[in-house]
Amino acid sequence: MRGHISAHAVCTAIRDDIVSGALAPGSRLIEEILAARYGVSRVPVREALRTLQSEGFVTTRHHAGACVAEPTEQEAADLLDVRALLEPLGAARAAARRSPAHLKVLRGLVRLGRERARHGNPADLRQLDGWFHETLAQAAGSPSLTALLTQLRRKIEWMYAVELPPRAGESWDEHGAVLDAVARGDAERARALMAAHVERSLPVYRLRLPAKAEVRDPKPPVNTARVRP
């Protein structure tokens, strides 16, 4: 069954393990070991590593081959600066291009987010926040912008730990205000509200500073259930 699993599915699985820290910065990514880890052949692993290298999650080192990238503090800081530029643009585009389906999903997420903020469930809030921003990016109606915003959020999640803000309720009120502007088609207000929201969220980001990993072969258990076609 290995040949039926796509390089895209393998790429997603490896990226998820990099973002979660299961594959640490600096660790070697050996095709044969990764193929066993995800229950696939080496061909989709090779393609996945090329994609992840183009995204900045993987790098190639002399004598070591493919390794998980080790981003610098400056690279991490740049990501937040780029987010401050792209998220407001995405909100403005969403105000002009959103569909009724997008608005329905966004309203449901804001309603749930406000409820969870009152009851204080950190895991639920982080997940709902991610879904809100991902849906808003999709509502922008630009595959290239959506892809950039999605990749940006993944890399920020990789490089930063996000604490539950003490102002979780206010944060979801800000989401609601952005949604109202998007629903009215007010692109400039949506842009301004999202810019303010991004600025206010900065204190919850804490840079991850992992110890430099030894370059050695990871030997994880084989898990064929991780990747699905």
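At what angle do α2 and helix α3 (residues 42-55) pack, and how far apart are their axes?

1. **Ground rules.** This is a predicted model, in which local features need pLDDT of at least 70 and side-chain atom pairs count only at pLDDT 80 or more, while totals for chains, interfaces and linings use all residues. Residues are numbered from 1 along each chain as its sequence is written, and side-chain values use heavy atoms, with hydrogens and water left out.

2. **α2 against α3.** The angle is about 110°, and the axes are 9 Å apart. Here, axes are lines fitted to C-alpha atoms, for helices over the stretch in contact, and angles run from 0 to 180 degrees between N-to-C directions. The two helices, α2 and α3, are therefore roughly perpendicular to each other. For the wording of angles: under 35 degrees is roughly parallel, over 145 roughly antiparallel, 65 to 115 roughly perpendicular, and the rest oblique. The crossing of α2 and α3 is right-handed; that label applies if the near helix is turned clockwise from the far one by less than a right angle, and left-handed if anticlockwise. On the α2 side the contact uses Glu-31, Glu-32, Leu-34 and Ala-35, and on the α3 side Arg-42, Val-45, Arg-46 and Leu-49. Contact means heavy atoms within 4.5 Å. Sorted by class, the α2 with α3 contact has four nonpolar, no polar and four charged residues. The classes go like this: Ala, Val, Leu, Ile, Met, Phe, Trp, Tyr, Cys and Pro are nonpolar, Asp, Glu, Lys and Arg are charged, and the others, Gly among them, are polar.

3. **α1 against α2.** Helix α1 (residues 7-20) and helix α2 (residues 31-38) have axes that come within 11 Å and cross at roughly 100°. So α1 and α2 are roughly perpendicular to each other. Ala-13, Ile-14 and Asp-17 of α1 make this contact with Leu-34, Arg-37 and Tyr-38 of α2. The class count for α1 with α2 is four nonpolar, no polar and two charged. Leu-34 turns up here and also in the α2 contact with α3.

4. **α5 against α8.** Take helix α5 (residues 100-119) and helix α8 (residues 168-184): their axes come within 9 Å and cross at roughly 165°. That makes α5 roughly antiparallel to α8. The crossing of α5 past α8 is left-handed. From α5, the residues in contact include Leu-103, Leu-106, Leu-109 and Val-110; from α8, they include Trp-172, His-175, Leu-179 and Val-182. The residues in this α5 with α8 contact split into 10 nonpolar, four polar and three charged.

5. **The overall picture.** The protein has nine helices and four strands. Both are DSSP runs numbered from the N terminus: helices are H or I with at least four residues, strands E with at least two. Along the sequence the pattern reads α-α-α-β-β-α-α-α-α-β-α-α-β. Of the 229 residues, 42% are buried, where buried means under 20% relative accessible area, exposed over 50%, and partly exposed in between (1.4 Å probe, protein chains only). Among contacts with a separation of 6 or more, 79% come from residues 24 or more positions apart.

6. **Pro-44.** This residue lies in helix α3 and counts as buried at 6% relative accessibility. Leaving aside neighbours within four places in sequence, Pro-44 is in contact with Ile-5, Ser-6, Ala-7 and Val-10.

7. **Cys-67.** You'll find Cys-67 in strand β2 (residues 65-68). Cys-67 is buried, at 0% relative accessibility. With neighbours within four places set aside, its contacts include Gly-26, Leu-29, Phe-57 and Val-58.

8. **Thr-146 and Ala-96.** Is each of these buried or exposed? Thr-146, in helix α7 (residues 143-159), is buried with a relative accessible area of 16%. Beyond neighbours within four places in sequence, Thr-146 is in contact with Ala-137 and Gln-138. Ala-96, in helix α4 (residues 73-97), counts as exposed at 63% relative accessibility.
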